[in-house]
Amino acid sequence: MELSKISITLLIIEALFISHIQVQAAPANSNLFREYIGAEFKNVKFTDVPINQNIEFHFILSFAIDYDTSGSPSPTNGKFNIFWDSDNLSPSQVSSIKSTHSNVKVALSLGGDSVGNGFAFFSPSSVDSWVSNAVSSLTRIIKQFHLDGIDIDYEHFKADPDTFAECIGRLITTLKQNKVISFASIAPFHDDQVQSHYLALWRKYGHQIDYVNFQFYAYDKGTSVSQFINFFNTQSSNYNGGKVLASFISDGSGGLSPENGFFTACNSLKNQQKLHGIFVWSADDSKANGFRYEKQSQALLAAPY
């Protein structure tokens, strides 16, 4: 009799332990909202964008690029320069928005689609030289602008996936170890070359990457709610264990738009404990509609789960 009581007790303890592990491992919703800003030089300021105090808010300055700033820019092998609207988005304005809103952090994004009249290529001379140059140039910019994190948004490549993975992985690792940044994200999209590079990075350095800003707006403009959910699940599987954020583009040029069910999809993800946050490209374009969908996104994220 005593033995069976002990067995039952052990079974109960084991069941409680297993259920605790399952709860710990379950994906969780987040109230993170992120917005790219400054790439299109439309005079948008941090203070133009509505900020809900009940969420976590990241501005992402777009872009820092390792190209020179001549009339015909060429690659500089990891020596980054500022290519965002730094007149309106200056170090003092970063300090001001962060002191006014304790829930705001500011990051910078690397790369982007284009520079000057051409594509912005990831074009390192060697891993060691690129990482060394990138660490020193970005540390200077990050400290000058009082920034908190970086985002990786290279979209064109003159290096193989393994080289990309090693350069970016070592950059993020070093900046974190040096306490220059507290978070890092990547911004892939549905394209074979892009995915091959970012998945190589994820496989080797995914543990250093805090958020996946997957560009769901790079899918076709007519994306339905069910298609969006399927795309989200596919990319969550690709970036297994990552915090994949839902996203829309404010000019409505691609993906699932707010008018056509984006928030329905987000609520569905939230009900499944899969809404790790929302990001928007971009504040520059949203200024024209009064940031209507930024307000709606943040309200959804701030609402009780």
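Predicted model: local features only at pLDDT ≥ 70, side-chain atom pairs only at ≥ 80, totals over all residues.
Colleague: What makes the bond from Ser62 to Phe63 cis?

Modeller: Its omega, which is near 0°. Phe63 belongs to strand β2, residues 56-65; strands (E, at least two residues) and helices (H or I, at least four) are DSSP runs, numbered from the N terminus. Trp281 and Ser282 are also joined by a cis peptide bond, with omega about 0°. Ser282 sits in the loop between β13 (278-281) and α8 (283-286).

Colleague: Why is Asn77 called buried?

Modeller: Buried means under 20% relative accessible area, exposed means over 50%, and partly exposed is in between (1.4 Å probe, protein chains only). Asn77 has 12% relative accessibility, so it counts as buried. Asn77 also has a positive phi, near 55°, without being a glycine, and its place is the loop between β2 and β3 (81-82).

Colleague: And Phe291, buried or exposed?

Modeller: Buried, because its relative accessibility is 5%. Phe291 has a positive phi of about 60° although it isn't a glycine, and it lies in the loop between α8 and α9 (292-302).

Colleague: On to the rings: how many aromatic pairs does the structure hold?

Modeller: There are 32 aromatic pairs. One of them is Phe46 with Phe59, at 4.8 Å centre to centre and 55° between the planes.

Colleague: Why is the pair of Phe46 and Phe59 called tilted?

Modeller: Rings of Phe, Tyr and Trp (its six-membered ring) pair if their centres lie within 6.5 Å; planes under 30 degrees apart are stacked, over 60 edge-to-face, and the rest tilted. With 4.8 Å and 55°, Phe46 and Phe59 come out as a tilted pair. The two are 13 residues apart, Phe46 in the loop between β1 (32-37) and β2, Phe59 in strand β2. Both Phe46 and Phe59 are buried.

Colleague: So what makes Phe157 and Tyr198 edge-to-face?

Modeller: Their planes stand at 75° and their centres are 6.4 Å apart, so the label is edge-to-face. Phe157 is in strand β9 (residues 156-157) and Tyr198 in helix α5 (residues 192-205), so the pair ties together parts 41 residues apart in sequence. Phe157 and Tyr198 are both buried.

Colleague: Which residues form one aromatic cluster?

Modeller: Among them are Trp202, Phe214, Tyr219, Phe248 and Tyr293.

Colleague: How do you know that the charged end of Lys158 sits over the ring of Phe121?

Modeller: The rule asks for NZ of Lys or CZ of Arg within 6 Å of the ring centre and within 35 degrees of the ring normal. The charged end of Lys158 is 4.5 Å from the centre of the Phe121 ring, and it is listed as sitting over that ring.

Colleague: How many salt bridges turn up in the whole structure?

Modeller: The search finds seven salt bridges.

Colleague: What makes Lys98 and Asp148 a salt bridge?

Modeller: A salt bridge is a side-chain nitrogen of Lys or Arg within 4 Å of a carboxyl oxygen of Asp or Glu. For Lys98 and Asp148 the closest N and O atoms are 3.0 Å apart, and the pair forms a salt bridge. Lys98 is in helix α2 (residues 91-100) and Asp148 in the loop between α3 (127-144) and β8 (149-154), 50 residues apart. Lys98 is partly exposed because its relative accessible area is 23%, while Asp148 has 15% and so is buried.

Colleague: And where do Asp48 and Lys287 lie in the chain?

Modeller: Those two form a salt bridge at 3.9 Å, N to O. Asp48 is in the loop between β1 and β2, Lys287 in the loop between α8 and α9, 239 residues apart. Asp48, at 30% relative accessibility, counts as partly exposed, as does Lys287, with 35%.

Colleague: How far apart are the closest N and O atoms of Lys42 and Glu40?

Modeller: They are 3.3 Å apart, and the two residues form a salt bridge. Lys42 is partly exposed at 38% relative accessibility, and Glu40 is partly exposed at 28%. Through shared partners, salt bridges join Glu40, Lys42 and Asp285 into one network.

Definitions and conventions
Residues numbered from 1 in each chain as written. Heavy atoms only, no water.
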